[in-house]
Amino acid sequence: MAFIGNEEQTRELQDRFKYATLALILGAVILASRLAYLQIFNGEQMRQYAEENRIKKVKIPSPRGMLLDRFRRPVVDNRPAFDVIVTPQYLKESGRASEVLNRVAALLKVPVADLEKRLEKSKGQASFLPVSLKENLTRDEVAELETWKLELPGVSVEMAIQRTNLHGDVASHVLGYIGQVSPQELTKLNQGVARKYSLDDVVGKSGLEKEFEPVLRGVDGSELVEVDALGRSIQKRETSGRVLVQNREVPSIPGKNLILSLDQDLQDAAVRGFGDKTGGLIAIDPRNGEVLAMISRPSFDPTQFSRGIDNDLWQKLIADEKKPLRDKAIQDHYMPGSTFKVITAIAGLEEGVIDENTTVNCTGSINLGNRVVHCHKKEGHGPVNVVKALTKSCDVFFYRLAQKLKSVNDIAKWASHMGFGTRTGIELAREAPGLVPTEEWKQKRFGVPWGPGETLSVAIGQSFMLATTIQLANAYAALVNGGTLYRPHLLRAVESADGQILREFPPQILEKTSLQKKTVDLITQGLWGVVNDPGGTAHTQAIKGMEFAGKTGTVQVIQIRAEKIFAKCATLPYRNRHHGVFVGYAPIKNPSIVLAVVAEHACSGSMGAGPIAREVIKTYLQKYYPDLYSDSAIADRIKADQKAKNAPNSAPTPREVEE
Amino acid sequence: MTYTTIDHRPEEPFRPDSPGYEENFPWIKWVPLFLEVVLLAIGIFNLLSATAVEDKSMGLWKNQIVSIGLGVLATAVILIPHYSTFSRLAYAIYAGNIGLLLVVLAFGKTTLGAKRWISFGGLSLQPSELMKLSVVIFLAKYFERINVPGGFRLKDLALPTLFVLIPVAMILVQPDLGTAMIICLVYGSMLLFQKINPRTLLILATVAGFAAPIIYNTGLKPYQKQRLVSFIDPMSDPKGSGYNSIQSMIAVGSGQLSGKGYRKGTQSHLNFLPEHHTDFIFSVFSEEWGFAGCVGLLVLYVFFLSSGMSVAYQSNDKFAMLLAFGILSIFFWHIFINMGMVMGMLPIVGVPLPFMSYGGSAILTAMCGVAIILNIANKKYMF
């Protein structure tokens, strides 16, 4: 037997080798054709792809301009933040993912479940894209992680730039926040902009960050770096033996800094004054309209927004009934209440219907047709002139004054001169215009003629009259400076990153009204009394040795019997409590700060808003007039006063003159 | 079906087609070994470049040398007995390897989400690689005794198919789609090589056509589906699943006619290529050696497979012929699928390129396969 086994079967199989050979040749030809297709016919293009793969243009982000206070102290800055990131692919390849995660959790003192949750969330994306495990590490945490680096495959610490509000939630509404450009705003943003934005850019989203975006934004640089497929930049390899790219680097140009008129010390004082109260405060220099302080409470910390807003936090902010995202200094308008009596007084004095000798006997109420309108003081203030009426905030005096005026339009005229009813034009968006009612306005708005009783309400800042906190401050500023209405502004100058002043912003006058000196004198006398006269509505807020003036206002949120205003407020539900308003200024001679405070639902102007104003004014006077108002200077003066009082023929103090 | 008793020991030498062939060219039977050595040398040389990348593959060529050393030992062992020993031990080998697969399922080492390895001491073994050889030995033994004039019909195939599907199922569970697929393709090749009844073939093709979508929907893991989808449209997710395919094609194509030069492949050295030392080793080679080098390598593989076929052809023994053919078809499918995958013609499945890819079990299996062919070439005239 020649063949092993079955000869015939083996022969048959031998026959089939020709098919096998054919299959082999066919396979080889297919592979060779594909090789030729890729390497010969498309080789050029593939080579180009390979080149592009290696050299990547990497953006060098430009630092955004800083925001500085009036003494050039940084308020908003760019700070490095350290995050711990993990590349899931490397973690997996190391084969001891859970061990590494446990180790990281122990180093950072966070539950390992948190880290696993983060990793779980990234399941959808490619595994070579890094996932952040924890942001904003402390220096100690960074050091710990770097020490154990070799034991933690796939884990690394990455530096990011974080836009940081150095004073947390102070003045967040003014300064604003930044965020990543969203797809929706991209087209709008790039209209008419030479340097286009891309989706990984950041842009100012509110406040000054938004309004001065073109100034603050720098020019990004670029750099050509060699990267691997994961986008990691790599060192030039010794083995490749040639320089692959000249390091063509285009440096970035930092954005310009904004020098603001705000004084951080006053801001801090305002926050201290507010405590956990709700409302807004604005302080203006009446000589030029510079805004010295501007806050709104409660607030938020823009730093938490700068690297993406946490959804839980955002929802919490939106849901908060105290509306922490709203700037209560400009976006909300309120009835100004008794603080508006100053405007009514201006109208009366300037229209000539009253003078310093016009006296009204306040009996606690007046009859208006068949209605009785009450003063806030049931037993009445007795005979009062305009000065006393302001000091004691006598409603009856202003009712009588209103009745003497031709119509509500006289009040409206002077209110408009003092800036009410129009936006002040501060450099911030979404300012509310407020409202100054006139007879024509009511006819047009409601189709009903003006009622005579409504003029009385407007005279004491109620009914339709609406003003923003900034309008109140600006109106009082115009009063104390003799009638010049400035445009309130926050920006003093723009400087380059290396500190060169590029542009300064002179004061802008909105309107110049000539008030008679007598008018200003009488009203300021009344305002002095509010704080410093023992009968003044805000005498409780007087500071020994430090004189300031102002006017209180208590604004009813719901209709309530006048005599019950003070008695019942604290027992009302929060939303129904009265707003407290205080507008004041200092010093008495040549005032250099005017401030308005609205403390929402704080029940009274003197006790709710007064202490806030007091805190800011005290800080202001002590800082700006140390010769007069430092603690030692005040003590000396009080001692001298005491001596003079005891000595015969002493010169009268202002208070004695007043009385 | 007829059964015959087979005596593997020839009574006298027989030279059917080429009288004087062996006498004139006594070295001819060593050609597969020679080509194996050449290919292994190229493989190590190429791996030196591929593992000079600063990642997990750094310096792994040393391990490959160790694997080749083990392969040399295995070759020596396999060359000692007559190949009929494999026929006698076929079922035992098959059962033993199934046992190893069971061990993998029970105690296997999990790497990259797959459970494919068993490790003892510092060594780890991938029994699914060896299973390819075991299945071929099993099938050669099984079909040796069976002759169906006019080709296999369905009922003839039931039993062998069952024995093929047992390890295939166990390997799919690991999961190792590539190896399972290779075993199926080798089985199919061996059946076609013998002869399938034309009607049966038609039925099988129809069933396969209907089964494919069902398997796709129920039998594949999401990442396996994703690979198929991204194969059809690699640009659908250029940074994700299609990424490997695109980068690999770029690597091959950018080699152009003459390549970028040894150790100058940017795609591999700058880490653009994933698994550049294992499944995608060919892209490293083609990037650095270009079309000229690739065609050269292809020609070497064709020579290698042809020399193996000539051994099978001349063995004059049905078992030896089927065994050699089966082993060669393992090599063929590995080469074809791996290169096709690297060049973007086929979906990405984990199939190593014989002699070139890094991997101890794959090298050992390939060298054992060549050793069996050498045994067949040399032991014809023994006894």
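Helices (H or I, at least four residues) and strands (E, at least two) are DSSP runs, numbered from the N terminus. With that in hand, let us look around this structure, which is a predicted model.

Pro587(A) sits in the loop between strands β24 (579–586) and β25 (593–600) of chain A. The peptide bond that joins Ala586(A) to Pro587(A) is cis, with omega about -20°. This stands out because most peptide bonds are trans.

Asn590(A) is also placed in the loop between β24 and β25 of chain A. Its phi is positive, about 45°, although Asn590(A) is not a glycine. Is Asn590(A) buried or exposed? Its relative accessibility is 68%, so Asn590(A) counts as exposed.

## Another positive phi

Now look at Ser393(A), in the loop between helices α15 (386–392) and α16 (395–404) of chain A. Ser393(A) has a phi near 55°, a positive value in a residue other than glycine. Most residues other than glycine have a negative phi.

What about the surroundings of this residue? Ser393(A) has a relative accessible area of 3%, so it is buried.

Helix α2 of chain A covers residues 17–41, which makes 25 residues. From its first C-alpha to its last, α2(A) reaches 34 Å, close to the 36 Å expected at 1.5 Å a residue. Which residues of α2(A) are buried? They are Phe17(A), Ala20(A), Leu24(A), Gly27(A), Ala28(A), Leu31(A), Arg34(A), Leu35(A), Ala36(A), Leu38(A) and Gln39(A).

Elsewhere in chain A, helix α20 (residues 469–480) holds Gln471(A). Because its relative accessible area is 0%, under the 20% cut-off, Gln471(A) is classed as buried. Leaving aside neighbours within four places in sequence, Gln471(A) is in contact with residues including Gly419(A), Phe420(A), Arg423(A), Pro433(A) and Leu466(A).

## Two helices side by side in chain B

Let us move to chain B. Here the axes of helix α4 (residues 84–107) and helix α6 (residues 154–173) come within 10 Å and cross at roughly 20°. That angle is under 35 degrees, so α4(B) and α6(B) are roughly parallel to each other. Their crossing is left-handed. On the α4(B) side, the contact is made by Tyr94(B), Ile98(B), Leu101(B), Leu102(B) and Leu105(B). On the α6(B) side, the residues are Phe163(B), Ile166(B), Pro167(B), Met170(B), Ile171(B) and Val173(B). By class, the residues of this contact are eleven nonpolar, no polar and no charged.

A cis peptide bond joins Gln174(B) to Pro175(B), and its omega is about 0°.

Helix α5 (residues 127–144) and helix α14 (residues 360–378) of chain B have axes that come within 8 Å and cross at roughly 25°. That makes α5(B) roughly parallel to α14(B).

Which residues meet in this pair? From α5(B) come Glu129(B), Leu130(B), Leu133(B) and Ile137(B). They meet Ser361(B), Ala362(B), Thr365(B), Cys368(B), Gly369(B) and Ile372(B) in α14(B). How many residues of each class does the contact have? There are six nonpolar, three polar and one charged.

Terms used:
Residues numbered from 1 in each chain as written. Chains lettered and ligands numbered in written order. Predicted model: local features only at pLDDT ≥ 70, side-chain atom pairs only at ≥ 80, totals over all residues. Heavy atoms only, no water. Axes fitted to C-alpha atoms, helices over the stretch in contact; angles between N-to-C directions. Parallel < 35°, antiparallel > 145°, perpendicular 65-115°, else oblique. Left-handed = near helix turned anticlockwise from the far one by under 90°. Contact = heavy atoms within 4.5 Å. Nonpolar A, V, L, I, M, F, W, Y, C, P; charged D, E, K, R; others polar. Expected span 1.5 Å × (residues − 1). Buried < 20%, exposed > 50% of the residue type's maximum accessible area, 1.4 Å probe, protein only.
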